[in-house]
Amino acid sequence: MSQVKKFLYVNRKAPYGTIYALESLEVVLIGAAFDQDVSLAFIDDGVFQLAKGQDTKGLGVKNFSPTYRALGDYGVTKLYVEKEALAERGLSEDDLMPVTYEDENDGFAEKPSLIFVDRAEMARVMAEQDVILSF
Amino acid sequence: MKLSILVNEGPYTHQSADSAYQFTKAALEKGVEIFRVFFYHDGVNNGTRLTVPPQDDRNIQKNWSELAEQYKLDLVVCIAAAQRRGILDEGEAKRHGKGDGAANIAPGFRISGLGQLIEAGIEADRLVVFGD
């Protein structure tokens, strides 16, 4: 298994209400150990996974949103967010939590992990992948 | 062509559980190699031996078990997803103190980690996802 493939995890569902978002994140974290070229995509209701200020107290469900901010430490630094999905839900880039990583090739400078792309660009990102896991 | 299959939905609830089986069976009958079938999310429920569907209906779990036996197919149930949903093998049942006879993993299935899904993606030419 020496080959490196491009893996894309496509997140399409809201963070709570179904378990897809949480269990997708679990695959991403385990998969990070395999030294593959990993990206995440957030489309449809999946953009809510990155919403700022998530509070799950009333739901009685664990708030796992801080995990996204730790992805950089796992070498997962490319989170593509679809602009149209945000706009259709009345969200802007400022409504999302800041997700950053430390670039070890650039003096550990802190850089943003969120990459905002339009629908056509997202299609191109998908077309470049070897493996797409859709959750 | 070597394929891996990911099954994300439970039996009798969602078409994708049936579609995954029918696709896998058709591929095998055409001589396509299936590296692994991985069950995740509610898909792990395809691997319990305790399902008892009505006699005039298909038996999805049994279908998978028979396919596994016939083609030496590797059916892997995600351990983290399985534990949440009460799917246990003997070792896990014992480890969690669930008592003798609690193991309910169906014949031909095995429980293992998510790394097996990543490996399935790396090793196969295509990973085919069946989900909602």
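The points below concern chain B of this predicted model and its interface with chain A.

1. Secondary structure. Chain B contains 5 helices and 5 strands. Along the sequence, these elements of chain B are arranged as β-α-β-α-β-α-α-β-α-β.

2. Overall dimensions. Chain B has a radius of gyration of 14 Å, close to the 14 Å that the globule rule gives for 132 residues, so chain B is as compact as a globular protein of that length. Along the principal axes, the C-alpha atoms of chain B fill a box of roughly 45 × 40 × 30 Å.

3. Burial and contacts within the chain. Of the 132 residues in chain B, 44% are buried. Among the contacts in chain B with a separation of 6 or more, 76% are between residues 24 or more positions apart.

4. Extent of the interface. The contact between the two chains involves 16 residues of chain B and 15 residues of chain A. On the side of chain B that touches chain A, the elements giving two or more residues are helix 3 (79-85), helix 5 (115-123) and strand 5 (126-130) of chain B. Helix 5 of chain B provides the largest share of that side, with 6 residues.

5. What is the division of the residues on the side of chain B that touches chain A into nonpolar, polar and charged? This side of chain B comprises 10 nonpolar residues, 5 polar residues and 1 charged residue.

Conventions. Residues numbered from 1 in each chain as written. Chains lettered and ligands numbered in written order. Predicted model: local features only at pLDDT ≥ 70, side-chain atom pairs only at ≥ 80, totals over all residues. Contact = placed C-beta atoms within 7 Å. Helix = DSSP H or I, 4+ residues; strand = E, 2+ residues; numbered from the N terminus. Nonpolar A, V, L, I, M, F, W, Y, C, P; charged D, E, K, R; others polar. Rg over C-alpha atoms; globule rule 2.2 N^0.38 Å. Buried ≥ 20, exposed ≤ 12 C-beta atoms within 10 Å, placed from the backbone.
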